[in-house]
Amino acid sequence: MKGNVPIAGLAPALCLSFALLATLGVTPPASAHHSWARYDADHVFTIEGMLTSVDFSNPHVIMHFMGAGEGETRTEWTMEMDPPTLLIRFGLKHDTFAAGMAVKITGVRARTGVPVMRALTIETQDGTIYRVSSRI
């Protein structure tokens with residue numbers, strides 16, 4: 001029959017195509033996600049402070065605040081949270097938090113000792129506790 005390609009002739013090309021797609025499908029993207037390895041996840045702590053800035057954008061929501069843990073001096077902290085899409089699923093909006101808000105943050109510190117943390121929950125002055133991590 002004119003115009004028809006025998007199935008046997010397509011087999012090697014199909015096998016190669018499927019092998020290529022399978023390889024691409026299982027290859028992890030390089031540095032596509034921020035790791036929790038930089039944080040001491042075994043030691044959860046709570047810190048109270050005042051938000052100084054809020055960046056509700058990808059890849060992760062970042063907030064800065066002045067605060068102090070128990071027995072510590074006040075210092076400028078950087079707090080990382082999940083991406084905005086996850087926080088929206090948890091009920092947060094881009095304007096849920098704003099500079100000037102007093103907050104109580106529970107999370108984990110950077111292993112290096114720098115004032116950087118990964119937040120798990122944030123409590124506002126009215127007692128509302130917001131989930132800000134998919135890890136809890």
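Okay, Phe65 and Trp77: both of these are buried, and buried here means under 20% relative accessible area, with exposed over 50% and partly exposed in between, using a 1.4 Å probe and protein chains only. Before I go on, this is a predicted model, where local features need pLDDT of at least 70 and side-chain atom pairs count only at pLDDT 80 or more, while totals for chains, interfaces and linings use all residues. Residues are numbered from 1 along each chain as its sequence is written, and side-chain values use heavy atoms, with hydrogens and water left out.

So, the rings. Searching the whole structure turns up three aromatic pairs. For a pair, the ring centres of Phe, Tyr or Trp (its six-membered ring) have to lie within 6.5 Å; planes under 30 degrees apart are stacked, over 60 edge-to-face, and the rest tilted. Phe65 and Trp77 have ring centres 6.2 Å apart and planes at 10°, so they count as stacked. Phe65 is in strand E2 and Trp77 in strand E3, so this pair ties together parts twelve residues apart in sequence. By strands and helices I mean DSSP runs numbered from the N terminus, at least two residues of E for a strand and at least four of H or I for a helix.

Then there's Phe97 with Tyr130, an edge-to-face pair at 5.3 Å centre to centre and 80° between the planes. Phe97 sits in the loop between helix H2 (84-89) and E4, Tyr130 is in strand E6 (residues 129-131), and they are 33 residues apart. Phe97 has 5% relative accessibility, so it counts as buried; Tyr130 has 22%, so that one is partly exposed.

Back to the other rings: Phe45, Phe65 and Trp77 are linked into a cluster by ring pairs. And over the ring of Phe45 you'll find the charged end of Arg109, 4.0 Å from the ring centre. The cut-off there is CZ of Arg, or NZ of Lys, within 6 Å of the ring centre and within 35 degrees of the ring normal.

Now, the core. Nonpolar side chains tend to be buried together in soluble globular proteins. A nonpolar core here is a set of buried Ala, Val, Leu, Ile, Met, Phe, Trp, Tyr and Cys residues joined through side-chain atoms within 4.5 Å. The largest one has 19 residues, and those touching the most other members are Met63, Phe65, Met79, Met81, Ile105, Met117 and Ile122. E1, strand E2 (62-68), strand E3 (75-80), E4 and E5 each give two or more residues to this core. A second, separate core has six residues, including Trp36, Ala110, Val116 and Leu120.

What about the strands? E1 (residues 39-55) and E4 (residues 102-110) run antiparallel, joined by eight bridges; strands count as paired when DSSP finds at least two bridges between them. Ile47 has Ile105 in E4 as its bridge partner. E4 is also antiparallel to E5 (residues 116-124), through seven bridges, and there Thr106 is partnered by Thr121. E4 and E5 make a hairpin with five residues between them, and Gly113 in the turn has a positive phi of about 90°.

Zooming out, the protein comes to two helices and six strands, running α-β-β-β-α-β-β-β from the N terminus. Of its 136 residues, 29% are buried.
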